[in-house]
2 protein chains.
Amino acid sequence: MATPPLIILLPDWLEGFLAEAGEVFGAGADRMRLAVGLARRNVEEATGGPFGAAVFEVATGRLIAAGVNRVEACRCSAAHAEVVALSLAQQARGHHDLSAGAACELVTSAEPCAMCLGAVHWSGVRRLLCGARDEDARAVGFDEGDKPPDWPAALGRRGVEVVRDCLRDEARAVLAEYARRGGAIYNPARAGGSARDLDA
Amino acid sequence: MATPPLIILLPDWLEGFLAEAGEVFGAGADRMRLAVGLARRNVEEATGGPFGAAVFEVATGRLIAAGVNRVEACRCSAAHAEVVALSLAQQARGHHDLSAGAACELVTSAEPCAMCLGAVHWSGVRRLLCGARDEDARAVGFDEGDKPPDWPAALGRRGVEVVRDCLRDEARAVLAEYARRGGAIYNPARAGGSARDLDA
């Protein structure tokens, strides 16, 4: 069996988009505007789901890496915007732990799903800034998975400060636009049958 | 800002290892032996953490993809064996949802962490076969994150059958061997300070 690498390609428009956006961003809304802009462009270009994320140095506002949802395009259900941005930031830093160096924050256009919450925890970021609420994503059909009931507190106990509702309306508008265009809701199919019919 | 792809390389030994292992596997222990063998070889070759995983077609036992932990080697905290194996299986199948086609199972040498539980859910696998318990991984120092209290039931409600304790002793022995060799426990550093000292 061949063992090709796992490759997640970014959309062609991303490099030009980031060149226009600049390299250093003010705190809060300035950074969120980039994440929501990534999500919006991903919808407009039909290059993935309506989600964008970026990793910044907290203190300086320097952009380290940006990601968008690439689940369908790259045939990878783990290619959520947050996982892409965190992984690219780690590769840019040359270390799997973003706490090894200037403190970083993940800015995401929508609150993380169950998988991405775990990814945030492992990444070493110290702050998580969120746009749309997870109920906004659920409202257009996305499943968010089994998250701890008070996940902001759970992340807080692990040293990750969570800030919510930054430009929530703008972020929600991107979700609505995706739905309006009939974008795919790519939750795994839920075959009606019981797992019991799986006997190997 | 350049926008390189995200790339997770597999170890050089993997292709030869899989060529020797064969293409079709019996149910249960036969498949787990492969996952534990991947974990053990990853430790022996010092190419990653003590975790291996593989995706099989449930009914035929055909191996679709194999993964090992590549967190440190590939500078990517999301590169757990389960995420690598699931993502490679999806790329091999040409679809982000493994439920689109013959039913698949993920066989993992240790129970999934919080992130990987989410990844299992999104992947479209219908069965999860586990070797070591998560307390076995915790016992050598690995953090498993905030998992739902009864995560096998939670996955079950989502159509993923969970089977535990398959070759648990063999899987646990790999964890112990990794610890004996002084392998890195790569949880993100937990800076003692409060997130409050992050003011941007």
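Two strands pair if DSSP finds at least two bridges between them. Helices (H or I, at least four residues) and strands (E, at least two) are DSSP runs, numbered from the N terminus. The model is predicted: local features need pLDDT of at least 70, side-chain atom pairs count only at pLDDT 80 or more, and totals for chains, interfaces and linings use all residues. Residues are numbered from 1 along each chain as its sequence is written, while chains are lettered from A and ligands numbered from 1 in the order in which they are written.

**View 1. Strand E1 of chain A pairs with E1(B) across the two chains.**
The two strands run antiparallel and are joined by 3 bridges. E1 of chain A covers residues 6-8. A:Ile8 stands opposite B:Leu6 in E1(B).

**View 2. Chain B meets chain A.**
In chain B, 65 residues are in contact (C-beta atoms, placed from the backbone, within 7 Å) with 65 residues of chain A. Strand E1 (6-8), H1, helix H3 (81-93) and helix H4 (114-123) of chain B each give two or more residues to this side. H4(B) supplies the largest share, 8 residues. By class, the side of chain B that touches chain A has 39 nonpolar, 16 polar and 10 charged residues. Here Ala, Val, Leu, Ile, Met, Phe, Trp, Tyr, Cys and Pro count as nonpolar, Asp, Glu, Lys and Arg as charged, and the others, Gly among them, as polar.

**View 3. Helix H2 of chain B and its buried residues.**
H2(B) holds 16 residues, 29-44. The expected span of a helix is 1.5 Å times one less than its number of residues. For H2(B) that gives 22 Å, and its end C-alpha atoms are 22 Å apart, which agrees. Buried residues of H2(B) include B:Arg31, B:Met32, B:Leu34, B:Val36 and B:Asn42. A residue is buried if 20 or more other C-beta atoms lie within 10 Å of its own, exposed if 12 or fewer, and partly exposed in between; C-beta atoms are placed from the backbone. The buried residues of H2(B) pack against elements of chain B including helix H1 (13-21), strand E4 (104-110) and helix H7 (168-180). Just after H2(B), B:Ala46 takes a positive phi of about 55°.

**View 4. H2(A) packs against H7(A).**
Helix H2 (residues 29-44) and helix H7 (residues 168-180) of chain A pack at an angle of about 10°, with their axes 9 Å apart. Axes are lines fitted to C-alpha atoms, for helices over the stretch in contact, and angles run from 0 to 180 degrees between N-to-C directions. H2(A) and H7(A) are therefore roughly parallel to each other, a label for angles under 35 degrees. A:Val36, A:Ala39, A:Arg40 and A:Val43 in H2(A) meet A:Glu170, A:Ala171, A:Val174, A:Glu177 and A:Tyr178 in H7(A). This contact has 6 nonpolar, no polar and 3 charged residues.

**View 5. The open sheet of chain A has 5 strands.**
Their order is E3-E2-E4-E5-E6, with mixed pairing. Strand E3 (63-68) and strand E6 (161-163) stand at the edges, each with a single partner strand, so one side of each is left without a neighbour in the sheet. The twist averages 15° from one strand to the next. H2(A) packs on the sheet, touching strand E2 (52-57), E3, E4 and E5 of chain A. The direction of H2(A) makes about 150° with that of E2(A).

**View 6. E2(A) and its two antiparallel pairings.**
Of the 6 residues of E2(A), 5 are buried, so the strand is largely enclosed by the rest of the structure. E2(A) pairs with E3(A) over 5 bridges; A:Ala53 has A:Gly67 as its bridge partner in E3(A). The hairpin of E2(A) and E3(A) has 5 residues between the strands, and A:Gly61 there takes a positive phi near 75°. E2(A) also pairs with E4(A) over 5 bridges, and A:Glu57 has A:Cys104 as its bridge partner.

**View 7. E5(A) lies between E4(A) and E6(A) in the sheet order.**
Strand E5 (residues 127-132) of chain A is mostly covered, with 6 of its 6 residues buried. E4(A) and E5(A) run parallel, joined by 5 bridges; A:Ala110 is partnered by A:Ala132. E5(A) and E6(A) are also parallel, over 3 bridges. A:Leu128 stands opposite A:Val162 in E6(A).

**View 8. A:Arg168 in helix H7 of chain A.**
A:Arg168 counts as partly exposed because it has 19 C-beta neighbours inside 10 Å. A:Arg168 touches A:Gly131, A:Ala132 and A:Arg133, not counting residues up to four places away in sequence. A:Arg168 and A:Asp136 are 32 residues apart in sequence and 9.2 Å apart in space, C-alpha to C-alpha.

Definitions and conventions: Contact = placed C-beta atoms within 7 Å. Parallel < 35°, antiparallel > 145°, perpendicular 65-115°, else oblique.
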